[in-house]
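Hi everyone, thanks for making time this morning. I'd like to walk you through a structure, so please have a look at the screen and stop me whenever you like.

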Amino acid sequence: MVMDDDDQGTAPKRRARRVEQTPVQRALGLLVRREHSRLELTRKLTARGVEREDAQAAVDKLSQAGWQDEQRFAHSLVRNRAAAGYGPLHIRAELGTHRLPAELVAEAMAQHETDWQQNARELLQRRFPHGMQDMAQKRKAMDLLARRGFPMEIIRSLTQGRVQDWDDQA
């Protein structure tokens, strides 16, 4: 039996047409990757061509269904940023950019149990594995901690005094 090319499946396959997603489906696609604030989710949807009213309606629907939650978002952001080496001032400011209520920001920060001084020390140990050998490195360490949003008391306590060797801290 002789087979034609068509019988062997060598004919070019047609691409399946992509069905246009609804605003709710688009928002849900974003939320399955990571938590988003209401503001951030609305902005992303409008940037993808969804009308503002439709985007807000989709976010409202997902909030009511429990898929989007401001409290869960705030706790997630605090946890992720602290693990990435950011300090409380930076994290609080970032939460503010999402227009979260002040009491929600305060709660998320208070419930995140971390030793900010230890976080700052670990950051410095990663960036300056051999310690701060001279005043220039000490100044760079202070700048790094300030940029990362650590309070001045922590910066001073970790950088004051003589040039630091991390073996002395153990």
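The secondary structure of this protein chain comes to ten helices and zero strands. Reading from the N terminus, then, the elements simply go α-α-α-α-α-α-α-α-α-α. Please keep in mind that this is a predicted model. The chain has 170 residues, and 35% of them count as buried. If you take the contacts with a separation of 6 or more, 60% of them are between residues 24 or more positions apart.

Let's go inside. Which residues have the most contacts inside the largest nonpolar core? They are Ile 91, Leu 95 and Leu 145, in a core of 25 residues. H4 gives the most, with five residues. As general background, nonpolar side chains in soluble globular proteins tend to be buried together.

Leaving out residues up to four places away in sequence, Leu 95 touches Ala 74, Leu 77, Val 78, Leu 100, Val 105 and Met 109. There is also a second, separate core of ten residues, and it includes Ala 27, Leu 31, Val 50 and Val 59.

Now to a helix pair, H4 and H5. In general, two packed helices are described by the angle between their axes and the distance between the axes. Here, the axes of H4 (residues 70–83) and H5 come within 10 Å and cross at roughly 145°. The crossing is right-handed. On the H4 side, the residues that meet H5 are Ala 74, Leu 77, Val 78, Arg 81 and Ala 82, and their partners in H5 are Ile 91, Glu 94 and Leu 95. By type, that contact divides into six nonpolar, no polar and two charged residues.

Staying in H5, which covers residues 88–97, we find His 90. Is His 90 buried, exposed or partly exposed? It is partly exposed, because its relative accessible area is 27%, which falls between the 20% and 50% cut-offs. Apart from residues up to four places away in sequence, His 90 touches Arg 147, Arg 148 and Gly 149. His 90 and Phe 150 are 60 residues apart in sequence, yet their C-alpha atoms are 7.4 Å apart in space.

Compare that with Leu 144, which lies in helix H8. Leu 144 counts as buried, because its relative accessibility is 5%, and the cut-off is under 20%. If we again skip residues up to four places away in sequence, Leu 144 touches Leu 123, Leu 124, Arg 127 and Phe 128. From Leu 144 to Arg 127 it is 17 residues in sequence and 9.3 Å in space, C-alpha to C-alpha.

On to charges. How many salt bridges does a search of the whole structure find? The search finds five, and I'll show you some of them. Glu 20 and Arg 26 meet through their side chains at 2.9 Å, N to O. Glu 20 is exposed at 61% relative accessibility, whereas Arg 26 is partly exposed at 21%. Another salt bridge joins Glu 40 and Arg 34, at 2.5 Å, N to O. In that pair Glu 40 counts as buried, at 14%, and Arg 34 as partly exposed, at 39%.

Then there is Glu 35 with Arg 72, where the closest N and O atoms are 2.8 Å apart. Glu 35 is in the loop between helix H1 (23–31) and helix H2 (38–47), and Arg 72 is in helix H4, so this pair ties together parts that are 37 residues apart in sequence. Arg 72 itself is partly exposed, with a relative accessible area of 35%.

One last stop, for anyone who likes backbone angles. Most residues other than glycine have a negative phi. Arg 99, however, has a positive phi, near 55°. You'll find Arg 99 in the loop between H5 and H6. Arg 99 is exposed, because its relative accessible area is 63% and the cut-off is over 50%.

That's my tour, and I'm happy to take questions!

How values were computed: Residues numbered from 1 in each chain as written. Predicted model: local features only at pLDDT ≥ 70, side-chain atom pairs only at ≥ 80, totals over all residues. Heavy atoms only, no water. Helix = DSSP H or I, 4+ residues; strand = E, 2+ residues; numbered from the N terminus. Buried < 20%, exposed > 50% of the residue type's maximum accessible area, 1.4 Å probe, protein only. Contact = heavy atoms within 4.5 Å. Axes fitted to C-alpha atoms, helices over the stretch in contact; angles between N-to-C directions. Left-handed = near helix turned anticlockwise from the far one by under 90°. Nonpolar A, V, L, I, M, F, W, Y, C, P; charged D, E, K, R; others polar. Salt bridge = Lys/Arg side-chain N within 4 Å of Asp/Glu carboxyl O. Core = buried A, V, L, I, M, F, W, Y, C linked by side-chain atoms within 4.5 Å.
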